[in-house]
Amino acid sequence: MKTLYLHIGTPKTGTTSLQHFCHDNQQKLAEKGYFYPEFDFEYANKGKYRNGLFLEAVYLDDEGKRLKDKEKENFNNGLEELTKLFKIYDNIILSDEGIWTACFSRKRGKRLMHQLQEYALTSGCQIKIIVYLRRQDEYVLSWYNQLVKHSITTKNTLTWDEYINNYDQYINLDYLGCLRKLKNIFGMENIIVKRFDKNYFTGGSLFSDFLDIFGITFEDSFYTKEKRNNLNTRLSENACEIKRIINETTKMNTNETRKFECILREFSPVSEKSYPCSMMSEEESNGLMQLYELSNQKIADRYICDGRPLFSTITCTKEKWKKNNIHMLDDVIRFSCMSALCTMRMAEENSEKIMKLHTALEHPFQTWFKKIFQNPKTS
């Protein structure tokens, strides 16, 4: 039977890396019977390799106005494209971590998933949902880092205390409840649950673990992110706080916040090494995980069935981050130096571009006229 594999995240479980991996290895995957398509849909500030965006994304015009008709048009056109692709391929892979969030935070997302399942039933294909789950305490930490680092919403100014005291307003940690809703739409037998934990990865890597879903063995010939720049890496705790203060100071557009993000990422490894810490203490991590201990075990028993717990019981033992730590001054100096260096490099690049442009625009006759006026006897 024709199968649509829909990878829906969750967020902060290597989805960006997997999307780039599938895109970079599109031909190799196709040779093995699995196609990762590209569509022409464009969404502002969204990764172009998230080929499942049309299934859930809100569409905004250049002025930020939502266009519901365009959303519906893209959804229907996307399904039409799938129908065409299924005439060529037996297995298609789509990926978009926003689907996980959309299913449980927006009525529209749940409705669209019902429509997708109706499409599958009428077109004679089946849908397999792939979802990676991460320890709740790690997810809470990672999502806060992403929120401050990458978001351009007002939430990017939240302090850690403001965030952690109301985390259920921003992320859903009740994985069992979320899976139950997916089960009601697609059927329990069509939900593939994977652990986002290197201790559990088949073959020892996320890529080999993902390929194992399709019965594909990871080989050295696959192009991986180690051969490109790191994607969507986290900021150190001090760098994250610096970015939060910047967010609080001025409102930035997407390009501006990405530039600051790049600068902060440059010295984050040094910052992390000099002050290895966590926003959450060991006691806080244990307390949070105890809240979901029972439901997590039910997930392991019902969806994975390998006799092991859903997550590793090893808890982070890093020192709890403090804003007035003695390393903050060093990181502020690093940030200032990196910012100045970035500005100088950009100035040099722009200067070189201007000189090249001036040379390119210089009309041949200008050189001739210069010769005439400098040495009239040559005329």
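**Exercises on a predicted chain**

Take the contacts between residues at least 6 apart in sequence: 77% join residues at least 24 apart. Contact means heavy atoms within 4.5 Å. The model is predicted, so local features need pLDDT of at least 70 and side-chain atom pairs pLDDT 80 or more, while totals for chains, interfaces and linings use all residues. Residues are numbered from 1 along each chain as its sequence is written, and side-chain values use heavy atoms, with hydrogens and water left out.

**Exercise 1. Describe the chain as a whole.**

Solution. 
- Step 1: list the elements. The chain has 15 helices and six strands. These are DSSP runs, numbered from the N terminus: helices are H or I with at least four residues, strands are E with at least two.
- Step 2: take the extent. The C-alpha trace spans about 95 × 60 × 45 Å along its principal axes.
- Step 3: take burial. Of the 379 residues, 45% are buried. Buried means under 20% relative accessible area, exposed over 50%, and partly exposed in between (1.4 Å probe, protein chains only).

**Exercise 2. Classify two aromatic pairs.**

Solution. 
- Step 1: set the rule. Rings of Phe, Tyr and Trp (its six-membered ring) pair if their centres lie within 6.5 Å; planes under 30 degrees apart count as stacked, over 60 as edge-to-face and the rest as tilted. The structure holds 22 such pairs.
- Step 2: apply the rule to phenylalanine 39 and phenylalanine 41. Their centres are 5.9 Å apart with 25° between the planes, and the pair is stacked. Phenylalanine 39 has 17% relative accessibility, so it counts as buried. Phenylalanine 41, at 22%, counts as partly exposed.
- Step 3: turn to tyrosine 144 and tryptophan 160. The ring centres lie 5.3 Å apart and the planes stand at 80°, so this pair is edge-to-face. Tyrosine 144 is in helix H6 (residues 136-150) and tryptophan 160 in helix H7 (residues 160-164); the pair links distant parts of the chain, 16 residues apart. Tyrosine 144 is buried because its relative accessibility is 2%. Tryptophan 160 is buried too, at 7%.
- Step 4: look for a cluster. Tyr5, Tyr34, Phe210 and Phe214 form one.

**Exercise 3. Which rings do lysine 28 and lysine 70 lie over?**

Solution. 
- Step 1: set the rule. NZ of Lys or CZ of Arg must be within 6 Å of the ring centre and within 35 degrees of the ring normal.
- Step 2: lysine 28 lies over the face of phenylalanine 222, 5.2 Å from the ring centre.
- Step 3: lysine 70 lies over the face of tyrosine 59, 5.8 Å from the ring centre.
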